Amino acid sequence: MIADNAWLDGLIRMGAIALAMPLSVIILTYLERKISGRLQQRLGPMRVGPYGILQGLADTIKLLTKEDLRPQTADRWTFELAPFAVMVPVFLAFVTLPFTADLFVRNLELGLFFIIAVSGVSIVGFVMAGWGSDNKYALLGGARAAAQLISYEIPLVLAVVAVAMIAYTPEAGRGSLNLVEIVDGQGRVPFIVWQPLAFFIFLVAGLAELYRQPFDIPVAESEVVGGPFIEYSGIRWSMFQMAEFVSMVLISVLASLLFLGGWNWPLGNGAGIALQVPLIFVKTSFFILLFIWLRFSLPRLRIDQMMQFCWQVLLPFALLQIIINGWVLVYGWPDWTLGVSSGALTLVAGYLTYRAARQAAEQPVSPRLHRVGSVM
Amino acid sequence: MATEYSVTPGKDLETIDINVNVGPQHPATHGVFRMVLTVDGEQVVDVDPIIGYMHRGAEKLSENCDYRQAIGYQDRTDYLAQFNTELCYVQAVEKLAGIEPPERAEYIRVILAELNRIASHYMFMGAFGTDIGVFGTAFMYTFRDREIIQDLFEEITGERMMYAYFRAGGVAWDVPEDFRERCREVLSAVRKGIGDIDGLMTDNEVIIARCRGVSPVTPEDAINWGLTGPMLRATGLEHDVRRAEPYCIYDRFEFDIPTGIQGDVYDRYLVRLEEMRQSVRIVEQALEGMPEGPIMAEGLKRTLRLPEGEVYMRNETPRGEYGIYLISKGGDKPYRLKIRSPAFSNLSALRAMSIGSYVADTIVTLGSIDIVLCEVDR
């Protein structure tokens, strides 16, 4: 407790989160531009401050003072409220996200469920932006975002459920949706060892949730030119941008809590906040750097390929993971059986994906596409 | 909303196709091309390509210039392969005037034209990578290497874009003394650069998934549409003007003509990648064989006057078969100059190639044609 009054305490903690998030967005924007510069053989921002470190600040000032344009034909309230509908759910998710054993706003018993539930709401904002802008690109992008959500959200949730099933605390036994308890159970072995398949599914579906390559289909620059954001400018556009980066932090923190043992592994729960915060910071940074790296090295999938992958590969394997978990838990088999079976399944899933891609490379032209001669 | 949709009670909801206007300002249109897509959700029902935004009347303007001045307009048609288009024009003039350029000039021309082909294909690789979603990475890598070639051109011609270096009868001035060494440096950088692009893109599963089987063209269709260049060779036809009707001194060099099998986007990419390697081979051989000597045919008057007659000259530019049809009624100006633009013919197949595919496929197909709008509109 920071303050005596529970309300006051909650407000202070929420205020801290609300301040920390925009700051982290500024840092992440700079980081992403620098890393992309490095990957692309250029320098990145160099002008504002030494090595351009103040670039994020300059961008923020520019975006805040820029004119907030609204197309004349746009649906006013849908258009203007859409950025809030995207940003607020992402911030809400941070209410229950623990950074260490006692660094959070409120640790909810159903924390994991709450995070998954609210982060799914932001799609409403994307569809609102797509519809309200009165722009065909935005409309296509909004529709793509909706199609993408229903594809990745189910495997994502199932992968998280697999972890929740095997979470273990001495008091409550197996199964927990409380994030602190989930991390407590990973003192000796992080769950990535027991659940590699769920980890990979979470990672891929997380990429899709962030609209990053290869799943940046709704915002595809060369196709729909930014998709739902196309008509936005200034502060409203930066709200979308902020939501994107904050959800990147969210997915990264969540991944390190669920699969890498959060603040617990390998230092243990009693390591003290001075060691735990850097530990979770390192783990989170690992995922953030991974996402940035992938963004600048992978091309974009087509929407039908993304849906096919999510429904035909991720979903069945996520279900399989849950079935195996249930099996092991019901019969009380030792934990290593989980790791072995999940690892084997990961290899199978990887091989199937690889083979499908290779077959696509070697297959002759599909009959559906062999229509060229008949058109003209 | 500008469009109000109303639902009549008792009647089922209907879906309608929407028109999406891609261009003239759109990241994927490579200039000022415009296509009106009629889409049913994500599927393309119809494509209406609209060109002409860059029309400058280069053919008509050339009629008002003498034969030397019109070289400048050739730079401005295909602004990514200026040496190739210049070469075609000066050769047409030479053919009609009966001028034999000296050996050294021919070698310089071949070296520069092939280096320019590499530079143009670099541009394709970068733009194609951006179309397909590699967020600028392919683009920056190819531009790094294209810049090296540009630097060489700048050293020789003093210009980065509008070279106007070839002349009817030779080249404007001799190349610098360290030309051979500089070319070898450029070639080694290019060889490494091709390897980089190969490693980044060729075997990428996502690229294969996006390109394989997209907008395939049969050899018969390709001939019917008049496709040329990599678009034609990707279908499996081994047709290259450099081999089929050797111009300049191309019959002296050994090189392979890469062909595809399925004629789809991926094959076009592979053909272009291999063509870059073959161009490196040609430049190497030309550097070996380049003699010393004059760079301009002797006995030419300051103002060139052509005899009455007409001539058609075709060259293989990076985009395909570039043709110059020149009619002279005597005098120092062409009576009529007609340019056969390969990108124009290749672009005409866009509609048929795109109908029935996805919006994303249409963008990739357009990218794989490798259009230069200045050349299409002339």
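Predicted model: local features only at pLDDT ≥ 70, side-chain atom pairs only at ≥ 80, totals over all residues.
In chain A, helix H3 (residues 76-93) packs with helix H9 (residues 234-258) at an angle of about 25°, and their axes are 9 Å apart. That angle makes H3(A) roughly parallel to H9(A). The crossing of these two helices is left-handed.

From H3(A), the contact has A:Pro83, A:Val86, A:Met87, A:Val90, A:Phe91 and A:Ala93. Facing them in H9(A) are A:Arg236, A:Met239, A:Phe240, A:Met242, A:Ala243, A:Val246, A:Ser247 and A:Leu250. By class, the residues of this contact are 12 nonpolar, 1 polar and 1 charged.

Now chain B. Its pLDDT averages 87, and 98% of the residues score at least 70.

The part to look at is an open sheet of 3 strands, in the order E6-E7-E8 of chain B, with antiparallel pairing. Strands E6 (309-317) and E8 (336-340) of chain B are at the edges; each has a single partner strand, so one side of each is left without a neighbour in the sheet. On average, neighbouring strands here are turned by 15° against each other, direction ignored.

How many bridges join E6(B) to strand E7 (residues 320-328) of chain B? The two pair over 9 bridges, in the antiparallel sense. Within E7(B), B:Gly323 stands opposite B:Arg314.

A helix also packs on this sheet: H3 of chain B, residues 82-97, which touches E6 and E7 of chain B. The direction of this helix makes about 150° with that of E6(B).

Technical notes
Residues numbered from 1 in each chain as written. Chains lettered and ligands numbered in written order. Axes fitted to C-alpha atoms, helices over the stretch in contact; angles between N-to-C directions. Helix = DSSP H or I, 4+ residues; strand = E, 2+ residues; numbered from the N terminus. Parallel < 35°, antiparallel > 145°, perpendicular 65-115°, else oblique. Left-handed = near helix turned anticlockwise from the far one by under 90°. Contact = placed C-beta atoms within 7 Å. Nonpolar A, V, L, I, M, F, W, Y, C, P; charged D, E, K, R; others polar. pLDDT = per-residue confidence, 0-100. Pairing = 2+ DSSP bridges.
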